[in-house]
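I shall begin with one chain by itself, then turn to how chains meet, and end with single side chains.

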4 protein chains.
Amino acid sequence: MAIRTLVWGENVHEHLNKVVHDTYPEGMHTQIAKLLSSDANISASTATLQEPEHGLTEAILAETDVLLWWGHRAHGDVADEVVERVAKRVWEGMGLIVLHSGHFSKIFKRLMGSPCALSWREAGERERLWVVNPGHPIAKGLPAHFELENEEMYGEPFSVPEPLETVFVSWFQGGEIFRSGLTYRRGAGNVFYFRPGHETYPTYHDDTVGKVLRNAVNWAYNPNNYPDITEAPNVPVDKALEPIVARGQGLHSAGEEGFK
Amino acid sequence: MAIRTLVWGENVHEHLNKVVHDTYPEGMHTQIAKLLSSDANISASTATLQEPEHGLTEAILAETDVLLWWGHRAHGDVADEVVERVAKRVWEGMGLIVLHSGHFSKIFKRLMGSPCALSWREAGERERLWVVNPGHPIAKGLPAHFELENEEMYGEPFSVPEPLETVFVSWFQGGEIFRSGLTYRRGAGNVFYFRPGHETYPTYHDDTVGKVLRNAVNWAYNPNNYPDITEAPNVPVDKALEPIVARGQGLHSAGEEGFK
Amino acid sequence: MAIRTLVWGENVHEHLNKVVHDTYPEGMHTQIAKLLSSDANISASTATLQEPEHGLTEAILAETDVLLWWGHRAHGDVADEVVERVAKRVWEGMGLIVLHSGHFSKIFKRLMGSPCALSWREAGERERLWVVNPGHPIAKGLPAHFELENEEMYGEPFSVPEPLETVFVSWFQGGEIFRSGLTYRRGAGNVFYFRPGHETYPTYHDDTVGKVLRNAVNWAYNPNNYPDITEAPNVPVDKALEPIVARGQGLHSAGEEGFK
Amino acid sequence: MAIRTLVWGENVHEHLNKVVHDTYPEGMHTQIAKLLSSDANISASTATLQEPEHGLTEAILAETDVLLWWGHRAHGDVADEVVERVAKRVWEGMGLIVLHSGHFSKIFKRLMGSPCALSWREAGERERLWVVNPGHPIAKGLPAHFELENEEMYGEPFSVPEPLETVFVSWFQGGEIFRSGLTYRRGAGNVFYFRPGHETYPTYHDDTVGKVLRNAVNWAYNPNNYPDITEAPNVPVDKALEPIVARGQGLHSAGEEGFK
């Protein structure tokens with residue numbers, strides 16, 4: 001069965017800014033989903049901020065294997081309840097690919113536990129992404145480096161936790177570098193941050209970017225899951241795997257729930 | 001100058017439960033601070049939930065190098081605003097040592113970005129902690145293993161992110177194991193989770209536990225800091241380190257703040 | 001195409017020790033290959049120390065996707081040249097699963113860069129393996145824990161580098177614990193160390209152990225590769241991606257090889 | 001007591017190449033030691049390839065807390081026995097700072113277990129090092145970035161294992177990037193790789209480079225140690241921490257050594 005992939009787009013600047021609209025007339029989310037659809041192993045659909053529950057209901061998330069997230073201007077408009085719901089699904093095993101300005105999305109900050117800040121410059125300068133981990137599945141079939149002639153600059157320090165693995169590092173024309181492809185695991189959920197994708201440039205029309213995203217979906221998909229990850233079960237003394245006898249005095253009566 | 005260390009205690013069960021009261025008549029926080037004070041390099045004070053702002057005002061945190069956190073029953077009573085304040089100080093460089101049931105504290109879950117759940121049993125059983133990373137500073141001067149004759153059992157899976165390093169793993173009499181000493185870094189803040197410390201047992205009267213905590217304070221102390229970690233500065237084109245000319249069309253006017 | 005999997009067995013104790021012979025009459029390697037063959041995605045063959053070049057010729061390795069390694073008494077008899085050859089294939093993308101006493105094999109020590117020592121006891125005691133990372137592909141379909149009623153004990157500290165991820169931790173009846181499932185990446189090669197498998201016990205007749213090994217082969221297989229990982233190419237000035245002019249005085253004439 | 005620091009220099013090009021000689025008339029090792037000596041907490045001495053046992057006898061290493069390594073042309077001339085001796089001291093707790101072309105030294109490759117290859121260009125181009133981990137002790141007191149106007153380029157992929165933490169990433173004028181400050185731990189030994197330092201440029205006369213090296217020595221120093229890291233002790237049944245009875249048949253007689 002194909003990987004059920006949902007591309008979430010904020011879908012705001014496409015309607016406010018002529019450059020963005022002209023570059024992505026059907027919305028960025030639609031174009032990103034198109035990039036994915038050339039992989040027969042991926043079945044891509046879309047959701048946007050404006051839909052009820054931002055298109056991220058329990059039912060929809062339950063049938064999503066990998067979620068891609070593009071947001072920028074309206075991070076604050078995403079409901080906290082939806083963010084918690086998405087986080088839980090990631091912990092349970094849904095992959096998450098966070099794109100570009102999504103570094104400041106509520107969901108990414110929620111999962112990282114750190115500010116996720118960086119420096120930036122919007123000058124349409126050249127970005128060159130280097131593959132620093134050529135054996136990583138996300139780098140499969142990529143050249144040693146590839147260029148985006150016009151991109152926003154993101155500069156270090158990028159205040160995220162040390163990643164599981166670093167896949168890409170970017171060189172910028174104006175003199176900065178950035179760790180532009182980072183992997184994490186949270187519970188059973190594989191998380192990938194991928195830097196490029198400023199809305200005023202045609203980044204999601206680029207073939208190599210498309211290949212990275214398709215690789216990332218395949219990597220992020222976890223056939224395994226972890227449905228009870230938020231539970232903290234009590235193991236009664238008489239169910240202990242090795243015979244023990246309760247000693248000392250406790251706080252809890254038998255079978256009582258723990259404090260959360 | 002000594003490491004300014006603050007022991008935060010929930011200070012609830014000491015007043016509700018006779019066993020806890022008898023074990024820690026001056027409060028667990030006071031006893032933990034006593035364990036630390038045998039190290040001349042540590043200057044320990046205490047704060048509790050019941051104080052204004054839980055004793056964790058901006059001014060107090062600004063003068064704290066390392067914070068220890070013991071909470072259990074009243075995790076939900078800690079104000080979200082204080083949790084954010086503590087998180088920010090950790091990112092800026094304050095060390096944080098989270099003890100036992102603090103795995104479910106708001107601050108630990110906030111920094112981990114994962115559920116931090118586990119299984120448990122309150123049977124006063126034997127716990128034996130093994131040093132799996134004998135070269136780690138937190139293990140300095142410890143024996144290869146040490147025992148707590150009566151402890152609560154915590155069992156895996158412990159749903160935390162993969163740590164920077166694993167220092168201790170516990171063996172339990174009833175048949176479980178647990179990764180009982182884990183390190184993380186969030187921003188400039190060193191974070192250590194240390195498992196033992198159930199309130200009905202005399203764990204914080206144990207000499208070896210004291211040594212672990214003193215080592216942990218010394219390790220967690222970061223003479224470096226990172227005061228602007230939450231800022232996301234714009235770098236104007238004319239301040240670029242290499243000469244560039246703005247190209248294409250942007251979203252932002254010159255000098256404008258980014259979206260958060 | 002199925003994953004081309006090679007099970008390497010030292011094949012010594014099977015011929016010297018009656019217990020080992022009776023437990024594994026066709027050799028441990030044969031029994032391990034049988035465990036794998038129930039997975040239609042795996043095509044398993046075997047090789048042994050006694051074959052020319054230990055059955056690990058360039059040609060054979062070139063057609064191997066994942067190698068499993070069981071050795072104990074004869075680690076020193078493995079030719080250094082073959083060890084280097086295997087290491088190079090791992091870096092290029094071949095998966096490697098190191099079993100039990102293979103912790104002291106030349107190839108594992110070569111890839112870890114550390115002593116890989118541990119403590120041990122041969123008492124046929126109970127080992128209980130806990131899944132500490134239930135979302136990991138190697139843990140797919142496993143129970144929360146499983147037991148081997150008779151195993152050799154391995155105790156910490158296990159002097160290996162901090163792993164990429166810890167999948168299993170073992171509880172031993174005699175009071176020890178051990179990190180019994182650890183993942184690493186070296187170049188493009190996924191490496192998994194799995195603890196159980198002492199030759200005098202029927203560990204490789206256990207269904208759950210079989211499931212772990214099949215999962216591990218599927219995880220270790222990397223469809224990506226990194227064929228030129230040992231090369232250190234010079235990039236001439238006139239091939240630089242951004243125009244530069246050579247400045248200062250250098251050591252090397254144009255086009256000269258670097259020092260290795 | 002000051003950190004006993006030994007700067008090891010290959011000391012070859014200083015005598016063969018006029019540029020190197022003029023830049024480092026007393027040898028690169030001497031100049032690096034000078035950079036360190038401004039820190040009262042560091043006591044620096046030197047050793048070279050040409051000394052008996054390369055100046056790295058058992059006695060000298062036993063009194064060394066942190067070793068810095070600069071080599072290039074003569075990697076192959078370092079005796080394997082000395083390399084093993086240094087590796088053992090690192091595992092036991094000696095810090096190791098590997099400089100520039102030392103990426104291909106026997107000792108670094110030995111500890112990494114991977115090829116440690118990279119691409120390169122000797123064009124005296126501009127290198128700008130960015131601090132990506134500003135809270136790390138090695139980054140203490142550094143600016144956000146610093147430049148070396150003339151350096152050799154090293155390009156990715158750098159075939160080393162994923163580091164414990166990434167501290168610096170370099171931007172190069174010719175279009176490449178490089179992870180130029182990486183930390184590892186092997187046993188009790190802290191290892192830091194620092195990229196700059198080509199012998200024909202005055203890198204070790206740079207103030208900021210000096211600060212990095214002094215910070216790195218302070219970071220690499222481990223007051224803890226791990227003297228028995230290569231031992232694999234047998235734990236007899238009658239010394240088990242929990243009472244057990246030997247079951248099944250074993251390979252080893254009581255008290256026998258294990259196979260290595």
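The entries below record what I looked up, and I keep in mind throughout that this is a predicted model.

**Entry 1: chain A by itself**

I started with the secondary structure of chain A, which comes to seven helices and nine strands. I then looked up the extent of the chain, and found that the C-alpha atoms of chain A fill a box of roughly 70 × 40 × 35 Å when this is taken along the principal axes. Chain A has 260 residues, and I noted that 67% of them are buried. Turning to contacts within chain A between residues at least 6 apart in sequence, I found that 73% of these join residues at least 24 apart.

**Entry 2: chains A and B**

How is chain A related to chain B? I found that chain A can be laid on chain B by a turn of 180° with a shift of 0.0 Å along the axis, and that the RMSD is then 0.0 Å. This is the relation of a two-fold axis. I noted that the same surface serves both copies, since 100% of the contact residues of chain A recur in chain B. I also asked which residue of chain A comes closest to the rotation axis; it is G113(A), whose C-alpha lies at 2.5 Å.

Next I looked up the contact between these two chains, in which 67 residues of chain A meet 67 residues of chain B. The area buried between chain A and chain B is about 5400 Å², and carbon and sulfur atoms give 60% of it. On the side of chain A, the residues that lose the most area to chain B are W120(A), R247(A) and F259(A), which together account for 15% of what that side buries.

**Entry 3: chains B and D**

I noted a buried area of about 1900 Å² between chain B and chain D, with 52% of it from carbon and sulfur atoms. N224(B), L241(B) and E242(B) supply 28% of the area that chain B buries against chain D, which is more than any other three residues supply.

**Entry 4: R185(C)**

I then followed one arginine, R185(C), which lies in strand β8 of chain C, a strand that spans residues 177-186. Is R185(C) buried or exposed? Its relative accessibility is 12%, so R185(C) counts as buried, the cut-off being under 20%. Its side chain makes a polar contact of 2.7 Å with the side chain of E165(A). Beyond its neighbours within four places in sequence, R185(C) is in contact with residues that include N133(A), H136(A) and P137(A) of chain A, and L164(C), N190(C) and N222(C) of chain C.

**Entry 5: aromatic rings**

One aromatic cluster is formed by F108(A), Y154(A), F158(A), F178(A) and Y193(A). I also looked for charges over rings: R195(B) lies over the face of Y154(B), 4.9 Å from the ring centre, and the charged end of R128(C) sits over the ring of W171(C), 4.8 Å from its centre.

Note on methods: Residues are numbered from 1 along each chain as its sequence is written. Chains are lettered from A and ligands numbered from 1 in the order in which they are written. This is a predicted model: local features need pLDDT of at least 70, side-chain atom pairs count only at pLDDT 80 or more; totals for chains, interfaces and linings use all residues. Side-chain values use heavy atoms; hydrogens and water are left out. Copies are superposed by least squares on the C-alpha atoms of residues with pLDDT of at least 70 in both. Contact means heavy atoms within 4.5 Å. Rings of Phe, Tyr and Trp (its six-membered ring) pair if their centres lie within 6.5 Å; planes under 30 degrees apart count as stacked, over 60 as edge-to-face and the rest as tilted. A charge sits over a ring if NZ of Lys or CZ of Arg is within 6 Å of the ring centre and within 35 degrees of the ring normal. Helices (H or I, at least four residues) and strands (E, at least two) are DSSP runs, numbered from the N terminus. Buried means under 20% relative accessible area, exposed over 50%, partly exposed in between (1.4 Å probe, protein chains only). A polar contact is a pair of N or O atoms within 3.5 Å; within protein, one must be able to donate a hydrogen and the other to accept it, and residues adjacent in sequence count only if both atoms are side-chain atoms. Buried area is the accessible area (1.4 Å probe) that two parts lose on being put together, summed over both.
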